[in-house]
Amino acid sequence: GFSAHPVLGGFLHGEVVAFGTLVQLAAEGRTDSAIAEHAALTRRLALPTCFDDFGIIGLGAEALDEIARITATAPYIHHLQRPLDAAGIRQALETAHRIGLAGRPGAPP
């Protein structure tokens, strides 16, 4: 859903995949510490780990809902270990963003 949404559609494929991997880990129900560990690697590779890294500060509820809705209709979504609807995808987006944001240099502990 990232590339189909105007907010994220203009970014490089690899950047979107990097953050999308964190979202997938959250969607799979991985622990926060496992997601944070992957986010640290992603950050060391100078790839985005949260919406802020794309320059998108304060992505609104409407945009998150739209990204989640688009993603929920993608044929690949059924390859996840547990089925997710748009609400579950939105939660995964928010979890990945929160963990990625917390790991940024200078972020509060």
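**Group meeting: helix packing in a predicted model**

The residues of α4 that are buried are covered by, among others, α1, α2 and α3. Keep in mind throughout that this is a predicted model.

Helix α4 has 17 residues, and from first C-alpha to last it reaches 24 Å, close to the 24 Å expected at 1.5 Å a residue. Which of its residues are buried? They are Gly88, Ile89, Arg90, Ala92, Leu93, Thr95, Ala96, His97, Ile99 and Gly100. Take Thr95, which sits in helix α4. Thr95 has a relative accessible area of 16%, and the cut-off for buried is under 20%, so Thr95 counts as buried. Apart from neighbours within four places in sequence, Thr95 contacts Ala26, Asp32 and Ile35.

Now the core. The largest nonpolar core holds 27 residues, and those with the most contacts inside it are Phe2, Leu8, Phe19, Val23, Phe51, Leu59 and Leu93. Two or more residues each come from α1 (13-27), α2 (32-44), α3 (61-72) and α4 (86-102). The largest share, 7 residues, is from α1. In soluble globular proteins, nonpolar side chains tend to be buried together. As for Leu59, beyond residues up to four places away in sequence, this side of the list reads Val7, Phe51, Leu64 and Ile67 as what Leu59 touches.

Next, α2. This helix has 13 residues and reaches 18 Å from first C-alpha to last, close to the 18 Å expected at 1.5 Å a residue. Ile35, Ala39 and Thr42 are buried in α2. Why do they lie on the same side of α2? Because they cover an arc of only 60° around the axis. On the other side of α2, Ser33, Glu37 and Arg44 are exposed. The cover over the buried residues of α2 includes α1 and α4. After α2 comes Ala46, with a positive phi, near 60°.

On to α3, and Ala68, which is found in that helix. Is Ala68 buried or exposed? Buried, with a relative accessible area of 1%. Setting aside neighbours within four places in sequence, Ala68 is in contact with Ala86, Ile89, Arg90 and Leu93. Ala68 and Ala87 are 19 residues apart in sequence, and their C-alpha atoms are 7.2 Å apart in space.

Last, the charged pairs. How many salt bridges does the structure hold? There are 7. One of them joins the side chains of Asp65 and Arg90, at 2.6 Å from N to O. This pair links distant parts of the chain, with Asp65 in helix α3 and Arg90 in helix α4, 25 residues apart. Asp65 is partly exposed, at 40% relative accessible area, whereas Arg90 counts as buried at 19%.

Arg90 also forms a salt bridge with Glu94, where the closest N and O atoms are 2.8 Å apart. Glu94 and Arg90 are 4 residues apart in helix α4, so about one helical turn separates them. Glu94 is partly exposed, with a relative accessible area of 34%. Elsewhere, salt bridges that share partners join Asp52, Asp53 and Arg104 into one network.

Note on methods: Residues are numbered from 1 along each chain as its sequence is written. This is a predicted model: local features need pLDDT of at least 70, side-chain atom pairs count only at pLDDT 80 or more; totals for chains, interfaces and linings use all residues. Side-chain values use heavy atoms; hydrogens and water are left out. A nonpolar core is a set of buried Ala, Val, Leu, Ile, Met, Phe, Trp, Tyr and Cys residues joined through side-chain atoms within 4.5 Å. Buried means under 20% relative accessible area, exposed over 50%, partly exposed in between (1.4 Å probe, protein chains only). Contact means heavy atoms within 4.5 Å. The expected span of a helix is 1.5 Å times one less than its number of residues. The arc is that of the directions from the helix axis to the C-beta atoms. A salt bridge is a side-chain nitrogen of Lys or Arg within 4 Å of a carboxyl oxygen of Asp or Glu.
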